[in-house]
Structure formats: structure tokens, C-alpha cells
Amino acid sequence: MAGTWALLAQHCAPSAEAGRDAVTLAEVRVLRRVKVERRLAVLRRLARCEQAVAAGDAAYTMHRERFPRAPKHDAARAAEQAEQQTAEVLLNESCALYLEQRGFLVFAGVRSAMDGEKLRAEASSARLRPLILDVTDEKSIGAAGASIADTLGGQGLWALVNNAGTCVSAPLECVSPAQLRQQLDTSVIGSLAVTQALLPQLRLRRGRIVNVSSGLGAVALPYLGAYATGQFAKEGMSDSLRRELRPSGVSVSVVRPGAIMTPLWGKVRETGKKALDQAPDDIAGIYRSPFERFVRLNERRAQLSRTRPEDFARQVFRAVTAPRAKSRYYVGTDVRVATVLSRLLPDAALDRCFAAATRPGR
Ligand SMILES: NC(=O)c1ccc[n+]([C@@H]2O[C@H](COP(=O)([O-])OP(=O)(O)OC[C@H]3O[C@@H](n4cnc5c(N)ncnc54)[C@H](OP(=O)(O)O)[C@@H]3O)[C@@H](O)[C@H]2O)c1
């Protein structure tokens, strides 16, 4: 900064060229005004932040919910946003609670009545409504859709969060067709089926769809091929859907989390073991040791990850409340780095990064 001021002072010094001096002084005045305005803007933002921090995060979010920033050119959309406390469908406990605590009416998909009761007990209000939903079962999807439509009574649904997931982790040579089908049924076909069932409700509100993908929707790791297949498909499906639904005003976003320690990681070991046990011994023998090493490393990565379920919930909250939904939201540094590397590095370089993981007998 000192350097800039010094240069300006030199420009202001009297010169033989009177015209040039006048221009320079005008420039200085403009620059000073801009600087003062910028500083004032920064000070105002700091004051707002301090107030928000002093009052606690919840108060800050309440403020944002009560006074949502309106999109610049769409008054109808702004009016809809102002009364956004309507409805939400999602499948993840912490995320459901996070949204319920912030005023959303949440229909939380669960697969058993017991899970529903557990979730209801954790909620702070009756705004959280567990709903039996298996995304691979058409009848269950139909019943859940009808129940939501009934409750909303023609009011329409504001947002759908497709978060149901499973993770088949095994060398692709050992993944059975049934395991691959189960992976794709849950992550891709199930998400689309639920979306199709709820689109008429979403259209009424010009609402939002949030598809939860993964860092593995950008970089396919070895031994997670089945899962990555599902995530790449979900990313592609979301892009097509976003473009198709643009005229109807329904937005589609992807939330892409990195590693977060959740029960998913316990299931990773389980499905891997099952796949290897089912494969012929000579095939399973090729992979057993590097795969075991890979699973250990992956679990450790998740345990060490600083990303928390709340970070994920916060990004979903952003996706459903931002004046203009972005096409992608990232959760965690690892996923941001992976996304950038996948764009910058050639395949050969990425392959070298993963070569150590698949090396046998270490
Ligand atoms: N954890 C991570 O590191 C991570 C990273 C990137 C992306 N993700 C994605 O984030 C999402 C949530 O994962 P999570 O870590 O929270 O795993 P999770 O604890 O295993 O949660 C997955 C949820 O999906 C539900 N589900 C599975 N199959 C279903 C079906 N057929 N119908 C309805 N619900 C079904 C599960 O219900 P049940 O409890 O009844 O099985 C569970 O509630 C997944 O889409 C996952 O791919 C997670």
C-alpha cells in the first residue's frame, strides 16, 4: 500500500504540463473516493459479521431466512423464496435435522419405522416427518410421493435432496452383476425415479433438486469402480436434468462431498469382503493384499478428514436457499483438490498417482 501512495504523491507534484496535472488530480480524487467507499463497505460487512457471531450462528441463519437476498430480475421467484418454509425431502439424518432446525418442513426418507422414530426423537419440532422410502422400490416411491402431495395440499414442494447411497468397493473383476445393479439402482436409477415422482410437486414451486454425488464423480479411484460408475452417472444425469428443466424454473445442483466419517465406511469393508469371497479363489488372490491395504488407507483418510456432516448439511442448505442455485457445491478440501487435479493432470499422471495403491505384495 505504501508504494501506491508514494506513486500518487509523485503524480500530484506540480509539473510544467498544466493539463496533465489536472487530469492526474482528478484521477487521484476518484481513486480516493473509491478507496473510502471500499473501506466503508468492508467495515459495514465486518460489523454485520460481528453481530451475527455475537448472536450465534442460528440467529444469523434466521436473519438470512427471514430476509432472503432476492434475485435481481425475478420478482415472482423472490416472493416464492420469502416463504420457503415449505417442504424438503432428504435422506440423511444430520442434514434433515439441520434443515428442520432452520425452519424447513422436512420429509425425511427412512427405510424402517424404528429409524423414523429415532429421527423424530432427535428433532426439535414436529417439522421433521419421517417417511418410509426405499428408492429401489417403485411402490414405496409412489406411496411416499402421494403422502407428500397429500400433506402439501397443492402447495407444491420446494426442494428434493437425493442423498440415498450405498458403496460397493471391490476390484471390478470381482464385482458381481448383482452388486453393480444394486449400486446403480440406489445411486442413479433410484434418484431419477424419486425425482420423476416429485417433479410435478417441484414444478408448482419452481423448486430445487439437489443430487448428492461424491469426489469419485470426478476422479475414479481403483477398487471403487462400481461406486465411481454410479457417481459419474449421477453427475451426467444431473447436468442433463439441469438443462432439461431450465425452462420450467426447477434448478438442479450437485453437492459433491469428499471423505466424511459416516456409517458408509463400515459398509465399504463389508461389501468388499463379500465381493472377494464370492470371486474365484485365483482371482480374489490377485487382489486380496493390495485391496486390504487400500481399504485401510481409505478408512484412515476418512477418520482423519476434518470434514464433518455439518459441513455437508451447510452446503445442502446453501443449495436450497441461495437466491441462484449453483450447479455444483463442494464439501471438503480433498474434493476441491481432486476436482482441480482431474481437470489439470493428464490421465497418465493421475494413473501414476494411484499406481502405488494397486501394487501387489507390499
Ligand atoms: N461419507 C462419505 O465419505 C461420502 C463421501 C462422498 C459422498 N457421499 C455420499 O453421501 C450420501 C450419504 O452417504 P453417508 O456417508 O451418509 O452414508 P450412510 O450413512 O450409509 O447413508 C446412506 C443413507 O442412504 C440410505 N439408503 C441406502 N439405500 C437406500 C435405499 N434403497 N432407499 C432409501 N434409502 C437408502 C441409507 O439407509 P439405511 O440406513 O436404511 O441403510 C442411509 O440412510 C451417499 O449418497 C454417498 O454416496 C458420502
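Let's begin with Leu-297, which is exposed because it has 12 other C-beta atoms within 10 Å. And 12 or fewer is what counts as exposed here. This leucine sits in helix α11. Follow the chain along to Ala-357, 60 residues apart from Leu-297, and the two C-alpha atoms are separated by 9.0 Å. Keep in mind throughout that this is a predicted model.

While we're on α11, what does this helix pack against? Helix α10, residues 264-278, packs with α11, residues 281-304, at an angle of about 180°, and the axes are 11 Å apart. So α10 runs roughly antiparallel to α11. On the α10 side, the residues involved are Trp-265, Val-268, Arg-269, Gly-272 and Leu-276.

Which residues come nearest to the ligand? Out of 24 around it, those are Ala-164, Gly-165, Ser-214, Thr-262 and Leu-264.

Now the inside. The largest nonpolar core has 67 residues, and helix α12, residues 309-321, gives the most to this core, with six. As a general point, nonpolar side chains in soluble globular proteins tend to be buried together. The residues with the most contacts inside this core are Cys-95, Leu-160, Val-210, Val-255 and Val-316. Take Val-316: setting aside residues up to four places away in sequence, it touches Cys-95, Val-161, Val-210 and Val-255.

Next stop, Gly-145. Buried or exposed? Buried, because Gly-145 has 22 C-beta neighbours inside 10 Å, and 20 or more is enough for that. It lies in helix α7, residues 138-152. Beyond its neighbours within four places in sequence, Gly-145 is in contact with Ala-197 and Leu-198. Gly-145 and Leu-198 are 53 residues apart in sequence, yet 6.2 Å apart in space, C-alpha to C-alpha.

Arg-206 has a phi near 50°, which is positive in a residue other than glycine. You'll find Arg-206 in the loop between α8 and β5, the latter being 208-212. It counts as partly exposed because it has 18 C-beta neighbours inside 10 Å.

The other one is Tyr-223, again with a positive phi in a non-glycine residue, near 65°. Where does Tyr-223 lie? In the loop between β5 and α9, and α9 is 225-245. Tyr-223 has 26 C-beta neighbours inside 10 Å, so it counts as buried.

Last, the overall numbers. The chain has 14 helices and seven strands. Of its 362 residues, 32% count as buried. And for contacts with a separation of 6 or more, 69% are between residues 24 or more positions apart. That's my tour, so over to you for questions.

Conventions: Residues numbered from 1 in each chain as written. Predicted model: local features only at pLDDT ≥ 70, side-chain atom pairs only at ≥ 80, totals over all residues. Axes fitted to C-alpha atoms, helices over the stretch in contact; angles between N-to-C directions. Helix = DSSP H or I, 4+ residues; strand = E, 2+ residues; numbered from the N terminus. Parallel < 35°, antiparallel > 145°, perpendicular 65-115°, else oblique. Contact = placed C-beta atoms within 7 Å. Core = buried A, V, L, I, M, F, W, Y, C linked by C-beta atoms within 7 Å. Near = placed C-beta within 6 Å.
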